[in-house]
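Subject: Structure for you to look through

Hello,

Please find the structure below, with its sequence. My notes on what was found in it follow.

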Amino acid sequence: MASRHTDRATVRATYPHDVELLLRGSGAGLSWEVGRSPDELDGATRVFHLDVAHGESIELKVLRGDGAWMAGRNAVIGCGDVLELYPAFDRMHGELLPSFELAVAGGRPLNVRVMLPPSYQEQTELRFPVLYVQDGQSVWSDSSDPFGSWGLDHVLDELWELGAIADVITVAIETSRDRLHLLGPVRDPSFGGGGGGGHLKAIVDRLKPHIDETLRTRSERAATTLMGSSMGGLFSFYAAWERPEVFGGAICLSPSFWWADRFVVRRVDGGACPAPRPRLYLDSGAAASALEGDASTRDGVHVVRAMHRALVGHCYEPGNDLHLLSWTGHRHSPTSWASRVAVPLQLFLPRSV
């Protein structure tokens, strides 16, 4: 019988120096019963070289010296692959911390709740990107908001377990009190508002420095993203547009671009393109029928497309720094946002490999 051709595959597992790591798996000389020691060390990274046959897929998992298995699904590697792992062993899910209040000079305190990724307490040499989310009162699965919850903690846990996104620190800001005032960048003739500038200043001058000082964050703009829905989506766009040196991107689900006679659309159309440009994700639900009369089902699809046209005509490149999606049959509701938020999270927070 002819021998099968093989190519080297490499597993690089990074973890604090003083802990033993072993590798177990389903082939290429690995076993699920006996752990294999690394072939070489590269600082805190243990390097394992495997000879994998062409067309073969090897399932594997890192084992800590005390017998704990790497959390999440088995990793899979093929010939020629280089697999980078930053494993967590003690936690399968993210850690949702108690909410806290942060005083703001000359303004109302910010009520904030943070979720840490599973690897945060173990990967002590790593720093993490940060996602700032508006409407924290409806973000987490234990929310009591009468309009519903995104269950964002469950979405993040599922994506981490799958290995689909980078580990990220999520900072949710409650905006239930005077929400339209906080999130409206200018005053709307019918609904008031106009305090968005002050809310943005509080986030930039008070909240972000506090998070960067107390947690192991990557503080640069490329690792700092905003996210929100409805008025939170409007504010997230506005904040990234006004302070692009701070925020590298904004995820805007069903953004209320109709606010104040399309204020932000007109601002984009008539102003200079920000430098550097923040990456943008815009979406909307869309009624399954053109005859649908319910405004919550129509979900502002036309004004979101108007913003997309303004951005493309101005300075943005679709598919590169601008993404637009329409979700047929999705309503203007937390249930709809929860069902699709995994898409922009994967676009904006990809794993390094």
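This is a predicted model: local features need pLDDT of at least 70, side-chain atom pairs count only at pLDDT 80 or more; totals for chains, interfaces and linings use all residues.

Leaving aside residues up to four places away in sequence, Ala172 touches Asn111, Val112, Arg113, Val133, Gly136 and Trp140. Ala172 sits in strand 12, which covers residues 169–173. Its relative accessibility is 2%, and because buried means under 20%, Ala172 counts as buried. Gln123 is 49 residues from Ala172 along the chain, and the C-alpha atoms of the two are separated by 23 Å.

Asp142 has a relative accessible area of 49%, so it is classed as partly exposed.

The count of salt bridges comes to 18. Among them is the one between the side chains of Glu84 and Arg12, at 3.0 Å from N to O. Arg12 is partly exposed, with a relative accessible area of 21%.

Another salt bridge joins Arg64 and Glu122, with 3.4 Å between the closest N and O atoms. Here too the pair links distant parts of the chain, 58 residues apart: Arg64 is in strand 5 (residues 57–64), and Glu122 is in the loop between strand 10 (107–116) and strand 11 (130–134). Both Arg64 and Glu122 are buried. They also belong to a network of salt bridges that links Arg64, Asp66, Asp90 and Glu122.

Now the nonpolar cores. Which residues touch the most other members of the largest nonpolar core? They are Phe237, Phe257 and Leu311, out of 52 residues in that core. Helix 4 (residues 231–242) gives the most to this core, with 8 residues. Phe237 touches Phe257 and Leu311, and its other contacts include Ala250, Cys252, Val264 and Met307, again not counting residues up to four places away in sequence. There is also a second, separate core of 25 residues, which includes Leu131, Val139, Val155 and Leu159.

Regards

Definitions and conventions: Residues are numbered from 1 along each chain as its sequence is written. Side-chain values use heavy atoms; hydrogens and water are left out. Helices (H or I, at least four residues) and strands (E, at least two) are DSSP runs, numbered from the N terminus. Buried means under 20% relative accessible area, exposed over 50%, partly exposed in between (1.4 Å probe, protein chains only). Contact means heavy atoms within 4.5 Å. A nonpolar core is a set of buried Ala, Val, Leu, Ile, Met, Phe, Trp, Tyr and Cys residues joined through side-chain atoms within 4.5 Å. A salt bridge is a side-chain nitrogen of Lys or Arg within 4 Å of a carboxyl oxygen of Asp or Glu.
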